[in-house]
Amino acid sequence: MVEATLRPHGPYSLALSARRASDATRLARGRTLTALLHANGRVEEAAARQLPDGTVVLRAQSEAAIEQLRFVLAVDDDHTPFLRRFADDPLLARPVRHLRGLRPIRTGTVTQALVRAVVGQLIKSGEAREIERWLIRATTPKVGRLNAPPLPEHLAGFSPAQLQRFDLPARKATTIVRLCRTLDLERLRTVPTDAVGARLERERGIGPWSVGVVCLEGLGRFERGLVGDLGLLKLCSAIRGRWVDADDTAELLAPYGEWAGLACIYLMAGAARGLVPLRLNADEVRRARVKARYAA
């Protein structure tokens with residue numbers, strides 16, 4: 001067993017960052033997180049806990065798994081420049097002040113981020129996470145209570161029809177199988193973000209939102225926002241006082257530049273806590289959505 005004790009670069013809260021990070025591959029409880037990771041050609045269990053003084057203690061079976069866990073937790077990615085730059089932003093000022101230790105927890109593999117991106121298109125996050133959980137549990141090795149993060153080979157051997165058994169529409173199942181068979185997804189972590197976006201967006205079934213999920217959660221890049229995200233559409237509508245479309249969310253994120261992905265996380269987390277100024281409440285947003293649908 002290998003143990004590493006480190007102090008994260010910049011403000012960091014594991015409890016805040018991992019609050020909704022539990023899935024088929026990991027379990028987050030308060031200041032602790034346990035995950036299965038791929039290291040040294042095998043599946044290893046790794047765990048992290050944050051002490052009251054801010055120090056993070058990592059434990060795993062190998063140094064390689066420790067390095068993987070550091071990436072998943074984003075402990076080395078100091079976002080202090082983001083906090084400083086947008087400290088007086090009209091929308092982000094309060095989220096930045098109250099949630100400064102928040103960083104997005106990343107998936108154990110790029111393949112898992114791709115699955116999450118495809119499954120989650122245009123459906124509620126809770127429903128998407130449940131389908132993702134079924135899919136991973138049916139296709140990857142299990143160790144104890146958890147399953148390994150998927151790699152392309154775990155899904156490439158299935159037909160789209162087989163994946164449809166997990167409530168996955170035919171189009172989404174076809175996209176996942178095709179990309180797992182034709183792309184070296186894990187290698188994308190070595191490719192520049194713009195090149196990743198250009199390559200993925202050439203594929204049927206992949207749009208700006210899916211690219212944003214892959215970049216943010218699979219590659220650990222902050223510059224791609226979640227354009228068209230359903231939650232962001234609702235938030236943007238509440239901010240602007242009318243039902244919006246994906247182009248409006250792109251416009252909302254444009255001022256945040258290379259921090260657009262992280263800005264998404266802070267905006268949505270802040271709105272959930274009443275920290276973002278809104279013109280409409282949730283019921284008014286629903287009514288605006290219905291009105292826009294009938295007017296179309």
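This is a predicted model: local features need pLDDT of at least 70, side-chain atom pairs count only at pLDDT 80 or more; totals for chains, interfaces and linings use all residues.
Which residues in helix 5 meet which residues in helix 6?

1. **Residues between helix 5 and helix 6.** From helix 5, the residues involved are Gln112, Val115, Arg116 and Val119. On the side of helix 6, they meet Ala128, Arg129, Ile131, Glu132, Leu135 and Ile136. Sorted by class, this contact has six nonpolar, one polar and three charged residues.

2. **Geometry of helix 5 and helix 6.** Helix 5 spans residues 110-119 and helix 6 spans residues 125-139. Their axes lie 9 Å apart, and the packing angle is about 135°. Helix 5 is therefore oblique to helix 6, given that an angle counts as roughly antiparallel over 145 degrees. The crossing of helix 5 past helix 6 is right-handed.

3. **Geometry of helix 5 and helix 9.** Helix 5 also packs with helix 9, residues 170-182, at an angle of about 160° and with the axes 9 Å apart. This angle makes helix 5 roughly antiparallel to helix 9. Here, too, helix 5 passes in a right-handed crossing.

4. **Residues between helix 5 and helix 9.** Helix 5 contributes Thr111, Leu114, Val115, Val118 and Val119, while helix 9 contributes Lys172, Thr175, Ile176, Leu179 and Cys180. The residues of this contact divide into seven nonpolar, two polar and one charged.

5. Five strands form an open sheet in the order 1-5-4-3-2, with antiparallel pairing. Strand 1 (2-6) and strand 2 (26-29) are the edge strands, each pairing on one side only. On average, neighbouring strands of the sheet are turned by 20° against each other, direction ignored.

6. **Strand 2 and strand 3.** Ala28 has Leu33 in strand 3 as its bridge partner.

7. **Helix 2 on the sheet.** Helix 2, residues 63-73, packs on this sheet. The strands that helix 2 touches are strand 1, strand 2, strand 3, strand 4 (42-50) and strand 5 (56-60). The direction of helix 2 makes about 125° with that of strand 3.

Methods: Residues are numbered from 1 along each chain as its sequence is written. Side-chain values use heavy atoms; hydrogens and water are left out. Axes are lines fitted to C-alpha atoms, for helices over the stretch in contact, and angles run from 0 to 180 degrees between N-to-C directions. Helices (H or I, at least four residues) and strands (E, at least two) are DSSP runs, numbered from the N terminus. Angles under 35 degrees count as roughly parallel, over 145 as roughly antiparallel, 65 to 115 as roughly perpendicular and the rest as oblique. A crossing is left-handed if the near helix is turned anticlockwise from the far one by less than a right angle, and right-handed if clockwise. Contact means heavy atoms within 4.5 Å. Ala, Val, Leu, Ile, Met, Phe, Trp, Tyr, Cys and Pro count as nonpolar, Asp, Glu, Lys and Arg as charged, and the others, Gly among them, as polar. Two strands pair if DSSP finds at least two bridges between them.
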